[in-house]
Amino acid sequence: MITLDLPPKLQETVMATANAQGISINDYIVNAISTSLENDIKSIDDVMVFDMEVMQERLKGFKSREEALKNGLLLPQGLGREGLMTWLNDNLPKPAENKL
């Protein structure tokens with residue numbers, strides 16, 4: 001069993017909503033938490049879906065450390081926020097230049 005210490009306003013809202021639905025406060029909270037967890041799990045599953053061929057194409061030229069260093073960009077150290085944003089804008093391909 002878990003005891004919840006809800007803020008007074010939230011407690012009032014939960015009680016009013018449960019009463020309006022004609023169910024116990026416990027049933028309302030259990031249902032709300034279960035629904036939230038189910039949605040979280042569905043979201044996690046959605047993120048895991050990807051096309052293997054697309055991923056393999058995107059990784060071409062980066063399979064080994066040597067390839068990655070040769071084909072990638074070395075991020076300069078010690079830049080502040082503005083300096084980093086300027087460097088990224090100057091060095092990353094623009095959307096029209098992306099092949100994928």
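This is a predicted model: local features need pLDDT of at least 70, side-chain atom pairs count only at pLDDT 80 or more; totals for chains, interfaces and linings use all residues.
Residues are numbered from 1 along each chain as its sequence is written, and side-chain values use heavy atoms, with hydrogens and water left out.

**Fold**
- You're looking at five helices and zero strands (DSSP runs: H or I of at least four residues for helices, E of at least two for strands, numbered from the N terminus).
- Helix H1 covers residues 8–21, and its 14 residues reach 20 Å from first C-alpha to last, close to the expected 20 Å (1.5 Å times one less than the number of residues).
- Just after H1 comes Gly22, with a positive phi of about 75 degrees.

**Confidence**
- Mean pLDDT (the predictor's confidence in each residue, from 0 to 100) is 81 for the chain, and 83% of the residues score at least 70.
- Among the elements, H1 has the highest mean at 92, while helix H2 (residues 25–48) has the lowest at 76.

**Surface**
- Of the chain's 100 residues, 5% are buried (under 20% relative accessible area, 1.4 Å probe, protein chains only).
- Carbon and sulfur atoms hold 58% of the accessible surface of about 9200 Å² (Shrake-Rupley, 1.4 Å probe).

**Second largest pocket**
- Its lining includes Met1, Leu4, Ile25 and Ile33 (a pocket is an open set of points on a 1 Å grid over the protein atoms alone, where a 1.4 Å probe fits, with protein on both sides within 12 Å along at least five of seven lines; lining residues have an atom within 4 Å of a point).
- The volume of this pocket is about 200 Å³ (the space filled by probe spheres set on the points).

Terms used: Buried means under 20% relative accessible area, exposed over 50%, partly exposed in between (1.4 Å probe, protein chains only).
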